[in-house]
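Try each task before you read its solution.

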Amino acid sequence: MANGQGIANNSSSGGDDQTHIALGKALLEEIRDFAAVKWPEEACGLLIASIDTPNRIDRVVFARNVAEDRLTTFEIDPQTLIDVHRTARQKRERVVGCFHSHPNGKALPSPTDRARADENGFLWLIIATEHNRAGDSGLYRIIHQSTADAAEQSELRYFRRCQIIDR
């Protein structure tokens with residue numbers, strides 16, 4: 001892991017199926033604009049892909065942040081989650097990730113992000129925002145890895161940085 005944030009950098013070259021994620025520039029700009037408008041609160045939403053091409057984001061769903069403290073965390077509206085999962089199943093799609101903003105201007109996963117990252121392989125797109133504008137962004141895949149220690153079975157969680165490629 002690198003940088004103390006629980007982030008592993010991928011040093012492989014080429015089109016690694018797990019770390020190269022297609023996301024069109026126009027769609028990314030829509031997410032960035034949404035995040036900027038929501039500042040100083042955290043914006044959030046879901047990343048949707050076809051079942052056949054899970055590493056290509058086809059659409060996003062913007063969600064209402066229902067967290068108690070929207071300035072420091074996010075919680076996607078539960079009804080939105082239910083509706084989006086239902087629609088995705090009907091359209092042969094799946095929810096492959098989420099996005100949210102960090103109003104502190106940092107596009108790195110926080111310890112809270114790592115603690116909440118329950119689904120192995122799920123993508124997390126983080127948009128740094130500051131003063132009504134979007135700054136850097138980072139895309140990460142959460143990895144859960146069981147330890148081999150027979151005495152104490154535990155799980156290691158870390159974020160693997162992904163590269164956004166224009167589709």
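## Exercise 1: Helix H1

Task: Compare the reach of helix H1 with the expected span, then find out which of its residues are buried.

Solution. Keep in mind that this is a predicted model. Start with the span: H1 covers residues 25-38, so 14 residues in total, and at 1.5 Å a residue you'd expect 20 Å. From first C-alpha to last, the helix reaches 20 Å, close to that expectation.

Next, go through the residues of H1. The buried ones are Leu-27, Leu-28, Ile-31, Arg-32, Phe-34, Ala-35 and Ala-36.

Now check Asp-33, which also sits in H1. Asp-33 has a relative accessible area of 48% and is partly exposed. Finally, look across to Ile-127: 94 residues separate Asp-33 and Ile-127 in sequence, yet their C-alphas are 10.0 Å apart in space.

## Exercise 2: The overall layout

Task: Work out how many helices and strands the protein chain has, and in which order they run.

Solution. Count the elements and you get three helices and eight strands. Reading from the N terminus, the order is β-β-α-β-β-α-β-α-β-β-β.

Then turn to burial. The protein chain has 167 residues, and 43% of them count as buried. Its accessible surface is about 9,000 Å², with 46% of that belonging to carbon and sulfur atoms.

Last step, contacts. Take those with a separation of 6 or more: 62% of them come from residues 24 or more positions apart.

## Exercise 3: Aromatic pairs

Task: Count the aromatic pairs, then classify the one formed by Phe-34 and Phe-62.

Solution. Two numbers are needed here, since a pair of aromatic rings is described by the distance of the centres and the angle of the planes. With centres required to lie within 6.5 Å, the count is six aromatic pairs. For Phe-34 and Phe-62, the centres are 4.5 Å apart and the planes make 40°, so this pair is tilted.

Where do the two rings come from? Phe-34 belongs to helix H1 and Phe-62 to strand E4 (residues 53-63), so the pair ties together parts 28 residues apart in sequence. Phe-34 has a relative accessible area of 18%, so it falls under the 20% cut-off and is buried. Phe-62, at 33%, counts as partly exposed.

Now do Tyr-140 and Phe-159. The centre-to-centre distance is 6.1 Å and the planes are 75° apart, which makes the pair edge-to-face. Tyr-140 lies in strand E7 (residues 133-146) and Phe-159 in strand E8 (residues 155-165), so this pair links parts that are 19 residues apart in sequence.

## Exercise 4: The cysteines

Task: Decide how many disulfides the structure has, and explain why Cys-44 is in none.

Solution. A disulfide is a covalent bond between the sulfur atoms of two cysteines. The cut-off for the sulfur pair is 2.5 Å. Start from Cys-44: the closest cysteine sulfur is the one in Cys-98, 8.4 Å away, so it is too far for a bond. Cys-98 is in no disulfide either, as its nearest cysteine sulfur is that of Cys-44. Searching the whole structure gives zero disulfides.

As for burial, Cys-44 has a relative accessible area of 0% and is buried. Cys-98 counts as buried too, at 4%.

Note on methods. Residues numbered from 1 in each chain as written. Predicted model: local features only at pLDDT ≥ 70, side-chain atom pairs only at ≥ 80, totals over all residues. Heavy atoms only, no water. Helix = DSSP H or I, 4+ residues; strand = E, 2+ residues; numbered from the N terminus. Expected span 1.5 Å × (residues − 1). Buried < 20%, exposed > 50% of the residue type's maximum accessible area, 1.4 Å probe, protein only. Phe/Tyr/Trp six-rings, centres within 6.5 Å; stacked < 30°, edge-to-face > 60°. Contact = heavy atoms within 4.5 Å. Areas by Shrake-Rupley, 256 points an atom, 1.4 Å probe, with all protein chains shown as cover.
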